[in-house]
Amino acid sequence: MKKIIIYLLSFIIICFIIPALLTKQNISSGADINETDKESKHIEENIKEYNYNKYGTIKLLHQDTGNVEEVKLDEYLCNVVSGEMPADFDIEALKAQAVVARTYTIYKVQNKKHENADICDNSSCCQAWISKEDRLNKWDEGKRQSNWEKIQKAVYETSGKIITYDNKPINAFFHSNSGGTTELPVNVWGGGTDLPYLQVVETSGEDGYTQYSSEVEFTNEELLEKLRGTYQDITIDFNNNEDIKILEYTNSRKSKNSEIWKS
Ligand SMILES: [Zn+2]
């Protein structure tokens, strides 16, 4: 009787369980192939749709020397990403930074600001850039190679990927901390900068990091002097509470709950 049960079990294992496992493996590796296919097709579509190949090289202006250097886009992006984000951040964060930096670069190529160059290396004008030599020297010797390889992985694994709106690269601003809520560009820079893809959104989890909030102290005279830079005839009675008060908040205030905004 025992033997019959063993034979029966063996029969079930050979006829059903092993083929089922093999089929499952095939199905999952088939799915992987499909995912990879989809991925590379997506990149190809990106390249085709945005004529990405024409951005193979870009002209980079070095602000301190005035030299214009022609560099391969993804090589340039390694210098940008390593200048914008610490290499010990998660690889997915570095990849997101690479996509944003690539998008910003192509936006700049299409909306030129400099006469003989596509973009410059000054972060307050265009986008941060650091030479590979300077970058490596700032890292501990033991981490130089692995850090640089991680940056390259983030850039090359996202190659061809940009963020678009209405089939055009978006103006991809980025920040290290937005203080819990983003703000409409029009409220920051004024003018007609209405970008429908940049809206007020809450960004939770930022309160434990630097730049979440800041405080500045001025004397009455310093404040007056600053205000007179824009409003020449302004006078303030500092003994009158009504002379300085908050009249209105932007929409980002509505999603704020922090104490600092209540005062
Ligand atoms: Zn610039």
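Reply: Buried means under 20% relative accessible area, exposed over 50%, and partly exposed in between, with a 1.4 Å probe and protein chains only. This is a predicted model, where local features need pLDDT of at least 70, side-chain atom pairs count only at pLDDT 80 or more, and totals for chains, interfaces and linings use all residues. Residues are numbered from 1 along each chain as its sequence is written, and side-chain values use heavy atoms, with hydrogens and water left out.

Start with the zinc ion. H114 (NE2), C120 (SG), C125 (SG) and C126 (SG) coordinate the zinc ion at 2.1 to 2.4 Å. Donors here are N, O and S atoms within 2.8 Å of the metal (3.2 Å for Na, K and Ca); water is not among the atoms, so sites may look incomplete. The arrangement is tetrahedral because the four donor atoms subtend angles of 105 to 117 degrees; the term requires four donors with all angles between 85 and 135 degrees. Along the chain, the donors of the zinc ion are spaced H-x5-C-x4-C-C. H114 lies in the loop between α3 (91-110) and β3 (119-120), and C125 in the loop between β3 and α4 (132-138), 11 residues apart. Helices (H or I, at least four residues) and strands (E, at least two) are DSSP runs, numbered from the N terminus.

H114 has 14% relative accessibility, so H114 counts as buried. C125 is buried too, at 19%.

Now the neighbour I119. Not counting residues up to four places away in sequence, I119 touches residues including H114, C126, I58 and Y76. Contact means heavy atoms within 4.5 Å.

Key:
Four donors count as tetrahedral if all angles lie between 85 and 135 degrees; four count as square planar and six as octahedral if opposite donors are over 155 degrees apart and all others between 65 and 115; anything else is irregular.
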